[in-house]
Amino acid sequence: ALIITDECINCDVCEPECPNEAIAPGEEIYEIDPNKCTECVGHYDTPQCVEVCPVDCIPKDPDHVETEDQLMDKYTKLTS
Ligand code: SF4
Ligand code: SF4
């Protein structure tokens with residue numbers, strides 16, 4: 001999964017782009033639900049939130065490192 005850092009400026013551009021509805025406004029900044037983020041695997045070739053974020057604040061979450069297979073597995077479960 002990816003994670004939004006505290007550099008987020010709450011612009012709301014990423015939220016509608018997420019195919020898994022994994023992004024939502026949190027108390028201070030936008031947040032990604034790691035259970036729903038497939039890094040866009042299954043939907044797109046590149047993470048759509050990263051593509052649109054104007055401040056580049058969405059890196060991979062070091063606490064939720066996943067392989068391509070695991071991400072595809074999550075995609076399958078989310079869409080079944
Ligand atoms: Fe959503 Fe894709 Fe961003 Fe994950 S990488 S939060 S699935 S848009
Ligand atoms: Fe925050 Fe980037 Fe999403 Fe804007 S696009 S709400 S700056 S994470």
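Where is Asn20 placed in relation to strand 1? Asn20 lies in the segment before strand 1 (23–25); helices (H or I, at least four residues) and strands (E, at least two) are DSSP runs numbered from the N terminus.

Colleagues, a word on conventions. This is a predicted model, in which local features need pLDDT of at least 70 and side-chain atom pairs count only at pLDDT 80 or more, while totals for chains, interfaces and linings use all residues. Residues are numbered from 1 along each chain as its sequence is written, chains are lettered from A and ligands numbered from 1 in the order in which they are written, and side-chain values use heavy atoms, with hydrogens and water left out.

Let me return to Asn20. Its relative accessibility is 12%, so Asn20 counts as buried; the term means under 20% relative accessible area, with exposed over 50% and partly exposed in between (1.4 Å probe, protein chains only). Beyond residues up to four places away in sequence, Asn20 touches Lys36, Thr38, His43 and Leu78, contact meaning heavy atoms within 4.5 Å. With His43 there is also a side-chain to side-chain polar contact of 3.0 Å. A polar contact is a pair of N or O atoms within 3.5 Å; within protein, one must be able to donate a hydrogen and the other to accept it, and residues adjacent in sequence count only if both atoms are side-chain atoms.

Asn20 also belongs to the residues around ligand 1, which include Leu2, Cys18, Thr38, Glu39 and Cys49; a residue is near a molecule or strand if one of its heavy atoms lies within 4 Å of it. By class, this shell has nine nonpolar, two polar and one charged residues. Here Ala, Val, Leu, Ile, Met, Phe, Trp, Tyr, Cys and Pro count as nonpolar, Asp, Glu, Lys and Arg as charged, and the others, Gly among them, as polar.

Lys60 sits in the loop between helix 1 (48–52) and helix 2 (68–79), and counts as exposed because its relative accessibility is 59%. Setting aside neighbours within four places in sequence, Lys60 contacts Ala1, Leu2 and Ile3 as well as Glu39.

Finally, ligand 2. Its surroundings comprise 13 residues, the closest being Cys8, Cys11, Asp12, Cys14 and Cys53. The shell divides into 11 nonpolar, one polar and one charged. Cys8 is buried at 14% relative accessibility, and Cys14 is buried at 9%. The model has zero disulfides, a disulfide being a pair of cysteine sulfur atoms within 2.5 Å.
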